[in-house]
Amino acid sequence: MLTIEGFKQALRQAQSEIEANKDTLTDLDRAIGDGDHGINMSRGFEAVLTVLDDDYVTLGDLSKKVGMTLMSKVGGAAGPLYGSAFVKAAPKFGDATEADFTLVKEALLEASSAIKARGKSEAGQKTMVDVWEPFLSDLNESDDFDTKLDQLVSATEDMVATKGRASYFGENSRGTVDPGALSSSIVLKAIMKEVE
Amino acid sequence: MKKLIGEANELVSQMVEGMVHAHPELYGRVEGFNVICRADGAKSGKVGLVSGGGSGHEPAHAGYVGDGMLDAAVCGEVFTSPTPDMVLEGIKAADGGNGVLLVVKNYAGDVMNFELAAELADAEGIKVDHVVVADDVAIANKEDRRGVAGTVFVHKIAGAAAASGKSLPEVKALAEKVAANVRSMGMAVEPCYMPVSGKPGFDLNEEEMEIGIGIHGERGVERKPTTNVDAIVDDLLDHLKKEVSPGEVAVMVNGMGGTPLSELYVTYHFVAKKLEAAGYKLKRKYVGNYMTALEMHGFSITLLPLDEEMTGYLDAPSSALGFKL
């Protein structure tokens, strides 16, 4: 069950993991982007920390607030993408104060669709979609979430980017893990841990 | 890398504060936001023109705020698109009641954040439209092309059209005409260094250069052994000439921020000689720092085919510091 307190805990966990991986995210982005992903995600989740001190009546309220915060603090492409993800997941959580595995999966599927729609992207383009979509498509409660997420992140290494700034490098984008895929796995791991 | 900055996270805010304080006759700041608007506010009845993007491209974009050009510039973090709430503030500051046109460079983040802001403005009853500039021929696929120095010509021509009293659809049509025809390509011999991380956008050794760079410190599409500027200009012009036919053009040799003016004029000397020999008539010429990438050492060449209408708008008065006429 994901409770409001559990959701908050997941976001705190995501923040501390992003902080710990800030340089890695930035280095990956330097290789195939513009080198600011770690800095932007760190700024955004630090802002999320401050809104976690407030009280929320429903999971939907919390998800929406987190989405709006990310949208206005992260910037770049990641801001609208992560922001839209949490904002669009909010109505799925609705008035629930706790969510079972099925509801969490449904909300995350909404988030995944929002990312695809906002980024006008599909799986296979070496973006965060390559974590969100395959992770959720056949997700079962009994899965080893962390291992599955790690595998999906690694799989982006051999992809050629056809979307986002990495696409400017064409074939040269092969050989580097997509930084958005890595940050997505950090966020999803933190959430799934609280569902278990 | 040594930097002349205070707290790195405050760089943009302190830059904006400095600009407004230094030029109070030109600039105002939307309180609480890194958004620069006109000192005298939105012009009633005029179509508003808003641009912006990450910082680090100075004089873009705030340098183009002024009579005859932009009404507001939204200054994101260095090389990071501004957020939708910031862009919305820029739109509000530029709205004179006759609609606002957003000039957006073709980067995934910029396009998403500006589109979100347009949706928010629409919900508040402000008429907003946008044009996306994608002038960088280094990227083969036209849909993926980045918006680079050619964006300045869009600011200038659309800005002059708006100042002359054209309607939102008319200003947009003109901006799209410029965007559809302007072409640019850039290169660098030295990277730029991100202020927060202190790291270079890419590592280059003494004997290498990057061809086809963007304006965010990202690597170019091709890494080559360095050669003299004469040959480099040939390389870039080969790409540009494929897409711009000989005729009357405006040419811009744009510095990337760390290029001495002497080198920019040497570059221009070769650009002009080669273009004229190839049958281009250089009707308007611009040499200087228009769209930079921090302290990157390099340049870009922009070509815009001209007709009488566009030439007229290029020559119209502008009080913007980055493009004073």
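1. In this predicted model, chain A contains nine helices and two strands. Read from the N terminus, its elements follow the order β-α-α-α-α-α-β-α-α-α-α.

2. The overall dimensions of chain A can be set against a simple expectation. A compact globule of 196 residues would have a radius of gyration near 16 Å, and chain A, at 15 Å, agrees with this. The C-alpha trace of chain A extends over about 50 × 35 × 30 Å along its principal axes.

3. Burial and contacts in chain A may be considered together. Of its 196 residues, 55% are buried. Among contacts in chain A with a separation of 6 or more, 63% are between residues 24 or more positions apart.

4. Which residues of helix 1 of chain A are buried? They are F7(A), K8(A), A10(A), L11(A), A14(A), Q15(A) and I18(A). These residues cover an arc of only 155° around the axis, and therefore lie on the same side of helix 1 of chain A.

5. What covers the buried residues of helix 1 of chain A? The covering elements include strand 1 (2–3) of chain A, together with helix 2 (22–32), helix 3 (37–51), helix 4 (59–73) and helix 9 (179–195) of the chain.

6. In chain B, attention is drawn to an open sheet of six strands, with the order 9-8-7-12-10-11 and mixed pairing. Strand 9 (222–225) and strand 11 (281–288) of chain B each have a single partner strand and stand at the edges, so one side of each is left without a neighbour in the sheet. On average, neighbouring strands of this sheet are turned by 20° against each other, direction ignored.

7. One pairing within chain B can be described by residue. Strand 7 (residues 183–190) and strand 8 (residues 208–211) of chain B run antiparallel and are joined by two bridges. M187(B) has I211(B), in strand 8 of chain B, as its bridge partner.

Note on methods:
Residues are numbered from 1 along each chain as its sequence is written. Chains are lettered from A and ligands numbered from 1 in the order in which they are written. This is a predicted model: local features need pLDDT of at least 70, side-chain atom pairs count only at pLDDT 80 or more; totals for chains, interfaces and linings use all residues. Two strands pair if DSSP finds at least two bridges between them. Helices (H or I, at least four residues) and strands (E, at least two) are DSSP runs, numbered from the N terminus. Axes are lines fitted to C-alpha atoms, for helices over the stretch in contact, and angles run from 0 to 180 degrees between N-to-C directions. A residue is buried if 20 or more other C-beta atoms lie within 10 Å of its own, exposed if 12 or fewer, and partly exposed in between; C-beta atoms are placed from the backbone. The arc is that of the directions from the helix axis to the C-beta atoms. Two residues are in contact if their C-beta atoms, placed from the backbone, lie within 7 Å. The radius of gyration is taken over C-alpha atoms; the globule rule is 2.2 Å times the number of residues to the power 0.38.
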